[in-house]
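I opened a new structure today and kept notes as I went. Here is what I looked up.

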Amino acid sequence: MRKPIIAGNWKMNKTPEEAAVLVKDLIPLVADAKCDVVVCPPAVCLSAVKSVVEGTNVRLGAQNVHFAEKGAFTGELSCDMLKAVGCEYVIIGHSERRQFFGETDKSVNKRTVAAVKAGLIPIICVGEMKDEREDGYTDAIVAYQTLMALTGLTPDEIKNVVVAYEPVWAIGTGLTATDEQANETIGVIRKAIEGRYGKDVADAVRIQYGGSMKGSNVKGLMSQPEIDGGLIGGASLKAADFAQVVNY
């Protein structure tokens with residue numbers, strides 16, 4: 001059985017002081033969670049959050065990582081930098097990074113490989129645009145993005161990664177794929193991994209749904225056999241809302 005994982009992507013929200021308050025409120029609400037719990041605050045908040053979550057069941061993640069160890073990459077953070085402030089997870093290839101900051105499937109792969117080799121657990125985001133779904137390209141797009149991201153990793157390394165299916169048309173829009181749509185597409189992702197790396201690898205990989213999951217729809221989504229958790233945006237910014245998802 002795959003252990004569910006619920007991760008909160010705070011995006012560009014919260015100062016360090018606000019972040020510390022949020023996790024202080026969150027910790028007692030999720031202390032008995034049956035899933036892995038991860039929070040991914042902005043980089044400026046990582047140290048503040050780490051000091052609060054240390055010794056609890058809440059794990060720390062970052063929202064991006066560079067593939068180089070160091071160098072002239074203004075604004076970027078290396079794997080060693082993230083590990084030094086206590087990160088265990090890192091989101092890679094979020095649709096907003098792809099849409100607004102020029103992230104490509106190749107750069108997602110380079111970041112993923114660097115993260116895994118450094119001992120970080122990547123949460124690799126894949127997903128289609130609204131017109132791509134309407135034109136029937138969803139399966140091909142998510143399969144390609146997933147396999148491209150995993151290129152260069154060993155089967156054992158792939159077993160530890162997390163994939164987040166986030167239909168781009170459902171990010172921040174309030175729209176959500178139906179439970180069946182999300183399950184079907186996540187099944188496509190798992191089948192793609194199985195076809196390349198074998199059933200034991202595909203069965204081990206945890207695949208989240210990342211399109212406006214919240215307290216009102218989490219039970220239906222998490223009841224689906226292929227869905228192993230959620231990458232939560234807006235609902236992760238309030239402790240009670242995020243706890244409702246975690247404790248579904």
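This is a predicted model: local features need pLDDT of at least 70, side-chain atom pairs count only at pLDDT 80 or more; totals for chains, interfaces and linings use all residues.

**Entry 1: strand S8.** I began with strand S8, residues 229–232. Is each face of S8 buried or exposed? I found both faces covered. Gly229 and Leu231 are buried on one side, and Gly230 and Ile232 are buried on the other. Next I looked for a partner. S8 pairs with strand S1, residues 5–9, in the parallel sense. I noted 4 bridges between S1 and S8. Across from Leu231 in S8 I found Ala7.

**Entry 2: helix H12.** I moved to H12, residues 239–246. Which residues of H12 are buried? I listed Ala239, Phe242, Ala243, Val245 and Val246. Down the helix axis, these buried residues fall within an arc of 155°, so they line one face of H12. I then asked what covers the buried residues of H12. The cover includes S1 and S8, along with strand S2 (36–40) and the helices H1 (16–29) and H11 (218–222).

**Entry 3: the cores.** I looked for nonpolar cores. The largest has 73 residues. Val39, Val49 and Tyr209 have the most contacts inside it. Helix H9, residues 179–197, gives the most to this core, with 7 residues. A second, separate core has 11 residues, among them Ala7, Ile91, Ile123 and Val162.

I went back to Val39 and set aside its neighbours within four places in sequence. Its contacts include Val49, Phe242, Gly8 and Trp10. Phe242 is one of the buried residues of H12.

**Entry 4: the largest pocket.** I put its volume at about 520 Å³. How many residues line the largest pocket? I counted 21. Closest to the pocket centre are Lys11, Gln63, Asn64, Arg97 and Phe101. Helix H4, residues 95–101, supplies the largest share of the lining, 4 residues.

**Entry 5: Ser78.** I ended in the loop between strand S3 (58–62) and helix H3 (79–84), where Ser78 is found. Is Ser78 buried or exposed? Its relative accessible area is 6%. Buried means under 20%, so Ser78 is buried. Leaving out residues up to four places away in sequence, I found Ser78 touching Val65, His66, Ala68 and Glu69.

Conventions. Residues are numbered from 1 along each chain as its sequence is written. Side-chain values use heavy atoms; hydrogens and water are left out. Buried means under 20% relative accessible area, exposed over 50%, partly exposed in between (1.4 Å probe, protein chains only). Helices (H or I, at least four residues) and strands (E, at least two) are DSSP runs, numbered from the N terminus. Two strands pair if DSSP finds at least two bridges between them. The arc is that of the directions from the helix axis to the C-beta atoms. Contact means heavy atoms within 4.5 Å. A nonpolar core is a set of buried Ala, Val, Leu, Ile, Met, Phe, Trp, Tyr and Cys residues joined through side-chain atoms within 4.5 Å. On a 1 Å grid over the protein atoms alone, a cavity is a set of points where a 1.4 Å probe fits but cannot get out, and a pocket is an open set with protein on both sides within 12 Å along at least five of seven lines; lining residues have an atom within 4 Å of a point. Grid points are joined across faces, edges and corners, and a volume is the space filled by probe spheres set on the points.
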